[in-house]
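Subject: The structure to look at

Hi,

Here is the structure I promised to pass on. Please open it next to this email and follow along as you read.

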Amino acid sequence: MVITTTDQSLLRLLQLSSVSLPVGGYAFSQGLEYAIEKGWLSKQADVADWTQVQLLQSFAQVDLPILRLAMAACYEQDEAKLVALNDLVLACRETKELRLNDTAMGEALARLMRSLDMATPFQRIEEVSFVILFAVAACHWQIEFETAALGFTWSWLENQIAAATKLVPLGQTQAQQLLGELQPVISEAIQIAKNLEEDDIGAGLPALAIASSLHETQYTRLFRS
């Protein structure tokens, strides 16, 4: 995979993908916290397997192909297509928690985009996916899909490994080893996404859905008590 980009678009991508970007990604473990708490994941290899499956069976099958299609729709100024893709990606979120994760980050990114005088679509839609707005921002800054996909996926991966570092816990050296080990998987996921047709978008990760559901239910009970 050959990535080419201008210095300016690269800097914008780094800004958009930064873990310090105030979109709230750090606050969502996406089932990881529950899986670790229940002993499903207890060592570095477990976290690597859990994360790799998500990259290849979720990101490559849902998030990244939708990012690609949304960027194309944005360049064509096809807002109806963006709305349809927004509905599709939210429908693919298997739990309330995962959907809230997506839309809360989307809401935060929309606020940031407006603060940067960047036009945001969907003024009449309450729930907008982070994936769709990331695509809009990438188009605005003229970032190519493969480059945008690298930044998008790396940001998620870095947040997941940071969470695992604290929760398992892992040492900093192990965390860096995991990031290095999983980098080729990001490229593999992007290649899969490039060739996926819209009708084939979708994923099912039962363990992730169960972990997210139980995590969501657990904290609802704690809040009510």
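Predicted model: local features only at pLDDT ≥ 70, side-chain atom pairs only at ≥ 80, totals over all residues.

First, a term you will need: a polar contact is a pair of N or O atoms within 3.5 Å; within protein, one of the two must be able to donate a hydrogen and the other to accept it, and residues adjacent in sequence count only if both atoms are side-chain atoms. Helices (H or I, at least four residues) and strands (E, at least two) are DSSP runs, numbered from the N terminus.

Residues are numbered from 1 along each chain as its sequence is written, and side-chain values use heavy atoms, with hydrogens and water left out.

The whole chain

The protein chain has nine helices and zero strands, so along the sequence you read α-α-α-α-α-α-α-α-α. Of its 225 residues, 51% are buried; buried means under 20% relative accessible area, exposed means over 50%, and partly exposed is in between (1.4 Å probe, protein chains only). Contact means heavy atoms within 4.5 Å. Among contacts with a separation of 6 or more, 80% are between residues 24 or more positions apart.

Helix H6 and the serine before it

Have a look at H6, where 10 of the 11 residues are buried. Phe130, Leu133, Phe134 and Cys139 are among them. What do the buried residues of H6 pack against? They pack against H1, H3, helix H4 (79-91), H5 and H7.

Serine 129 sits in the loop between helix H5 (96-115) and helix H6 (130-140). Is serine 129 buried or exposed? With 0% relative accessibility, serine 129 counts as buried. Its side chain makes a polar contact of 2.9 Å with the side chain of aspartate 102. A side-chain oxygen of serine 129 also comes within 3.0 Å of the backbone nitrogen of valine 131, at the start of H6. Leaving out residues up to four places away in sequence, serine 129 touches Asn86, Val89, Leu90, Asp102 and Gly106. After H6 comes glutamine 142, which has a positive phi, near 55°.

Methionine 113 belongs to helix H5 and is buried, at 1% relative accessible area. Neighbours within four places in sequence aside, methionine 113 is in contact with Met118, Ala119, Thr120, Leu133, Val136 and Ala137. Methionine 113 and phenylalanine 134 are 21 residues apart in sequence, and their C-alpha atoms are 9.8 Å apart.

The aromatic rings

A pair of aromatic rings is described by the distance of the centres and the angle of the planes. Rings of Phe, Tyr and Trp (its six-membered ring) pair if their centres lie within 6.5 Å; planes under 30 degrees apart count as stacked, over 60 as edge-to-face, and the rest as tilted. The whole structure has six aromatic pairs. One of these joins tyrosine 34 and tryptophan 40, edge-to-face, at 6.0 Å centre to centre and 80° between the planes. Tyrosine 34 is buried, at 10% relative accessible area, whereas tryptophan 40 is partly exposed, at 38%.

Why is the pair of phenylalanine 59 and phenylalanine 152 called tilted? Their ring centres are 5.7 Å apart and their planes meet at 50°, so the pair is tilted. This pair links distant parts of the chain, 93 residues apart: phenylalanine 59 is in helix H3 (residues 44-75) and phenylalanine 152 in helix H7 (residues 145-167). Both phenylalanine 59 and phenylalanine 152 are buried. Ring pairs also tie Phe59, Phe130, Phe134, Phe152 and Trp156 into a cluster.

Towards the end of the chain

Glutamate 216 is in helix H9 (residues 206-224) and is partly exposed, with a relative accessible area of 25%. Which residues does glutamate 216 contact, leaving aside neighbours within four places in sequence? Those are Thr95, Lys96 and Glu97. Glutamate 216 and glycine 31 are 185 residues apart in sequence, yet 9.0 Å apart in space, C-alpha to C-alpha.

Happy browsing!
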